[in-house]
Amino acid sequence: MEDSTTQSKISVAPPEREEEVAVPAVAPVASEELVQSLVDVLDEISAISDFKNAYRRQFCNLSRRIKLLGPLIEELRESKNPIPDKEVESLGQLKTALESAKELLRLGSEGSKIFLVLETDQVNKRFCEVTSQLEQALAIIPFNELDVSDEVREQVELVYAQLKRAKERADTADLELYTDLLSIYNMGPDASVDPVILKRLAEKLQLITISDLKLESLALHEMVVSSGGDPGNVVEKMSNLLKKIKDFVQTENTELTGTGKNSVGFLADGQSKGPVIPNDFRCPISLELMKDPVIVSTGQTYERSCIEKWLGTGHNTCPKTQQKLSSHSLTPNYVLRSLIAQWCESNGLDPPKIPTLPNKSQAACSAAEHSRVLDLLQKLSSQSLDDQRLAVGELRLLAKRNTENRACIAEAGAIPLLVSLLTVSDLRTQEHAVTALLNLSIYEDNKGKIITSGAVHGIVHVLKRGSMEARENAAATLFSLSVIDENKVTIGAAGAIPPLVSLLSNGTQRGKKDAATALFNLCIYQGNKGKAVRAGVIPILMDLLLEPGSSMMDEALAILAILSSHPEGKVAIGAASAVPVLVDVIRNGSSRNKENAAAVLVHLCNGDQQHRYLIEAQEHGVVSLLEELASTGTDRGKRKATLLLERFNRFLGQQQQAEAQLESRTQGRVEPLIHVLEQVQLDNSTADV
């Protein structure tokens, strides 16, 4: 998909890094334990259902084919014969493929329907990867060495053949659905939409009831956050799209209740169309009329139950703005509640009743999962490297799944054991350990536990010497931990900044993104800015700005803007010949990049060298660009442009004054000389006479 949608902004992959298509080697383990793990993962897959989205057929086919492997695993469990080590390894690869399939199926069951359609290329790629993994895993199973019946073998061969055909014959997307969604996605929030298109979307996406729409809104927000934020205002655009569908559904297909009105106040006769809820009265998460509006620290208002659920799942950002929340305190918005009540009364609706707040109970995983966690922790302490690798890999997956697991794993004492594995020589174990810590850090209460366990030095070790994927996840972990201000000091003091700069320079695209976000967060603390400059980050950032079609321009400019306020940063930016590049960004960049480029120039054009940079910027035509930015830019961009223009005007005034003084002094010396020459000429004339 091209950049008209969400391509390269938010991935449909889960928060953890996506595995390669090639099936990794799996170390042999006890056959009984492996077979039981196959039974467990198959049970989990069987429990995933309700694929109500545009890929329903593909998800159902994948689920059905996997379930056909049940008899194979059942016969292996009932077999009296031990499974040879070589066969254990092949079954281990099957387990890895099933785990990948489980994550994809969970995405199909719980993910945003709108998001999946707009990311159709990425979803199809995931299907192809999972299908290939399963096909490869089934192809190497040595049936002659296993105690299974001919009937089961034939059934597995049938599944293999179906997977092979599925890989070769990719399903085509619903082009009309994709086109309809894309057209509305690119519209402004106030643009009108053809009701025929909205009806078609609601039916195809199965967003028919208020419950459907609420679940879609929650799924959308969850997927965006778990993918690293909201670049390009993707969630805002999709929320506007969902609002349009919801308005249509509420107006055309009212859900009736016993009181003659539905949950948002529409009449029971189904004939009259109810009033459209003003956007300011809707919760940005659920899109429903707010009953108990509360204000968070960023100033945004949400329905209490929705924002509490959001915070309870480990998020520490404002869903709408993606800004970090300074606290989790919720302040009742009495003014808005009164306005909503007045609006309801004026439209003949019952004012919303404030729900009673249930007693909060601490999140906890199930007894079975808790027992499983304890078993895995015992294996982490094992002297067997294979046991450690498998146990930490499973903890990594458990920690990725939900908040309850993250809390349970930490409370069971896993964090110190995971930290001890960060410095082992086995790179795969190291990678599992740092990724498990990354997943655990998503839960706010775990951040402090990870820091106090002394994890930072181990994470920095992985950042320096781990595999590329481990280095990427180490950088992401440092970013997650640095959300808390005091952790910025700890991480910077542990020597994290130089290896982050190295990853920014020579990492993969994903690694550079992770390094950039971590560096930006750490450099908010003044004491870390000089460390980043001395680590050589400025030339690297300039190279990223100069790359043709650079996808790192946003991050590079944001870091430059924050470092330019530091004396060493300002000197290094000036030495890197940044002024022409910054002027070009102000001329051609996005609104956010223009304001960051202007912010850097504000710091450069101040102090001892300001005249040098003012002249250089003036020569590249920045003044007219600043005048335009001061008129049409963002609020911050306008402030920076206005400040620069004032400095230019003051500088030009000083230049004119200096030129006038120079001209006056020159004129004062020239006039007496002219008088002398005239007198000499007169004397010569008299002598001639």
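Predicted model: local features only at pLDDT ≥ 70, side-chain atom pairs only at ≥ 80, totals over all residues.

Reader: At what angle do helix 1 and helix 3 pack, and how far apart are their axes?
Author: The angle is about 150 degrees and the axes are 9 Å apart, with helix 3 covering residues 70-78. Angles over 145 degrees count as roughly antiparallel. Helix 1 and helix 3 are therefore roughly antiparallel to each other. As for handedness, the two cross in a left-handed way.

Reader: How does helix 1 pack with helix 4?
Author: Helix 1 (residues 31-47) and helix 4 (residues 85-110) pack at about 20 degrees, and their axes are 10 Å apart. The cut-off for roughly parallel is an angle under 35 degrees. Helix 1 and helix 4 are therefore roughly parallel to each other. Their crossing is left-handed.

Reader: Which residues make the contact of helix 1 with helix 4?
Author: Helix 1 brings Ser 31, Leu 34, Ser 37, Leu 38, Val 41, Glu 44 and Ile 45. From helix 4 the contact takes in, among them, Val 88, Leu 91, Gly 92, Leu 94, Lys 95 and Leu 98. By class, the residues of this contact divide into nine nonpolar, three polar and five charged.

Reader: Let me try another pair. At roughly what angle do helix 14 and helix 15 cross?
Author: Helix 14 (residues 367-380) and helix 15 (residues 385-401) cross at roughly 145 degrees, and their axes come within 8 Å. The crossing is left-handed. Helix 14 contributes residues including Glu 369, Arg 372, Val 373 and Leu 376, while helix 15 contributes residues including Asp 387, Gln 388, Ala 391 and Val 392. The classes here come to eight nonpolar, one polar and six charged residues.

Reader: Turning to aromatic rings, how many aromatic pairs does a search of the whole structure find?
Author: For ring pairs, look at the distance between centres and the angle between planes. The search finds one pair. Its members are Phe 59 and Phe 127, with ring centres 4.8 Å apart and planes at 50 degrees, so the pair is tilted. Phe 59 belongs to helix 2 (residues 56-67) and Phe 127 to helix 6 (residues 120-139), so the pair ties together parts that are 68 residues apart in sequence.

Reader: Are Phe 59 and Phe 127 buried or exposed?
Author: Under 20% relative accessibility counts as buried. Phe 59, at 0%, counts as buried. Phe 127, at 10%, also counts as buried.

Reader: What about Cys 128: where does it lie?
Author: Cys 128 lies in helix 6. With 39% relative accessibility, Cys 128 counts as partly exposed. Its C-alpha atom is 6.0 Å from that of Lys 167, which is 39 residues away along the chain.

Reader: And Lys 243: with which residues is it in contact, leaving aside its neighbours within four places in sequence?
Author: Those contacts are Asn 279 and Leu 287. Lys 243 sits in helix 11 (residues 234-252). At 19% relative accessibility, Lys 243 counts as buried.

Reader: On the backbone side, which residue has a positive phi although it is not a glycine?
Author: Look at Ser 577, where phi is about 55 degrees. Ser 577 is in the loop between helix 28 (567-575) and helix 29 (579-588).

Reader: To zoom out, how many helices and strands does the protein have?
Author: The secondary structure comes to 33 helices and three strands. Of the 689 residues, 48% count as buried. Among contacts with a separation of 6 or more, residues 24 or more positions apart account for 72%.

Methods: Residues numbered from 1 in each chain as written. Heavy atoms only, no water. Axes fitted to C-alpha atoms, helices over the stretch in contact; angles between N-to-C directions. Helix = DSSP H or I, 4+ residues; strand = E, 2+ residues; numbered from the N terminus. Parallel < 35°, antiparallel > 145°, perpendicular 65-115°, else oblique. Left-handed = near helix turned anticlockwise from the far one by under 90°. Contact = heavy atoms within 4.5 Å. Nonpolar A, V, L, I, M, F, W, Y, C, P; charged D, E, K, R; others polar. Phe/Tyr/Trp six-rings, centres within 6.5 Å; stacked < 30°, edge-to-face > 60°. Buried < 20%, exposed > 50% of the residue type's maximum accessible area, 1.4 Å probe, protein only.
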